[in-house]
Amino acid sequence: MTEEREPERTADGRYVLVRGRRWRATDPALPEEVARRLRHHLMAARRAVGAALRAEDAAAERAARERVGIAKRALGERGEPPWWEQDTAARERRWAEGLRALDESG
């Protein structure tokens, strides 16, 4: 059994470090259930990207990559302004709209 480790974070907590590369961290204000659902959508969309690439289906690839982007923005890992510059209402709106869009897209 492998132990899951949290990635190293920058001192301000805004970024994670993976193999020497800095990536924006998930918004720590996300409720755990919301974060779990968004990660589920993100991984499903990433699998769909891979399937579309293997099938050489450009339209399916575009749609899957759009779903990846929606999930990443809802998690706070992409988009402007970054989560640490948003007030509580904007952060909650970001993840609620992202979940709604992902739930509707299937």
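Two strands count as paired if DSSP finds at least two bridges between them. I also take helices (H or I, at least four residues) and strands (E, at least two) as DSSP runs, numbered from the N terminus.

**Ground rules.** I am working on a predicted model, where local features need pLDDT of at least 70, side-chain atom pairs count only at pLDDT 80 or more, and totals for chains, interfaces and linings use all residues. Residues are numbered from 1 along each chain as its sequence is written, and side-chain values use heavy atoms, with hydrogens and water left out.

**The sheet.** I looked up the strand order and found an open sheet of three strands, β1-β2-β3, with antiparallel pairing. β1 and β3 are the edge strands, each pairing on one side only.

I then went pair by pair. β1 (residues 8-9) meets β2 in the antiparallel sense over two bridges, and Glu-8 stands opposite Leu-17 in β2. These two strands form a hairpin with five residues between them. In that turn, Gly-13 has a positive phi of about 80°.

β2 and β3 also run antiparallel, joined by four bridges. Here I found Val-18 opposite Arg-21 in β3. The β2-β3 hairpin has two residues between its strands, and Arg-19 in the turn has a positive phi of about 50°.

**Helix α1.** Does the length fit, I wondered, so I checked the span. The expected span is 1.5 Å times one less than the number of residues. The 24 residues of α1 should therefore span 34 Å, and the end C-alpha atoms are 34 Å apart, which agrees. Just after α1, Glu-56 takes a positive phi of about 55°.

Next I listed what is buried (under 20% relative accessible area; exposed is over 50%, partly exposed in between; 1.4 Å probe, protein chains only). In α1 the buried residues include Val-34, Leu-38, His-41 and Val-49.

**Helix α2.** Arg-67, Ile-70, Lys-72 and Leu-75 are among its buried residues. α1 and α3 (88-105) are among what covers them.

I also picked out Arg-62, which is found in α2. Is Arg-62 buried or exposed? It counts as exposed, because its relative accessibility is 57%. The C-alpha atoms of Arg-62 and Ala-52 are separated by 8.8 Å, with the two residues 10 apart along the chain.

**The largest pocket.** A pocket here is an open set of points on a 1 Å grid over the protein atoms alone, where a 1.4 Å probe fits, with protein on both sides within 12 Å along at least five of seven lines; lining residues have an atom within 4 Å of a point. The volume is about 700 Å³, taken as the space filled by probe spheres set on the points.

I counted 22 lining residues, with Pro-7, Val-16, Thr-26, Arg-39 and Glu-77 lying nearest the centre. Elements that give two or more residues to the lining are β2 (15-18), β3 (21-24), α1 (32-55) and α2 (58-75). Which element gives the largest share? That is α1, with six residues.

Technical notes. Contact = heavy atoms within 4.5 Å.
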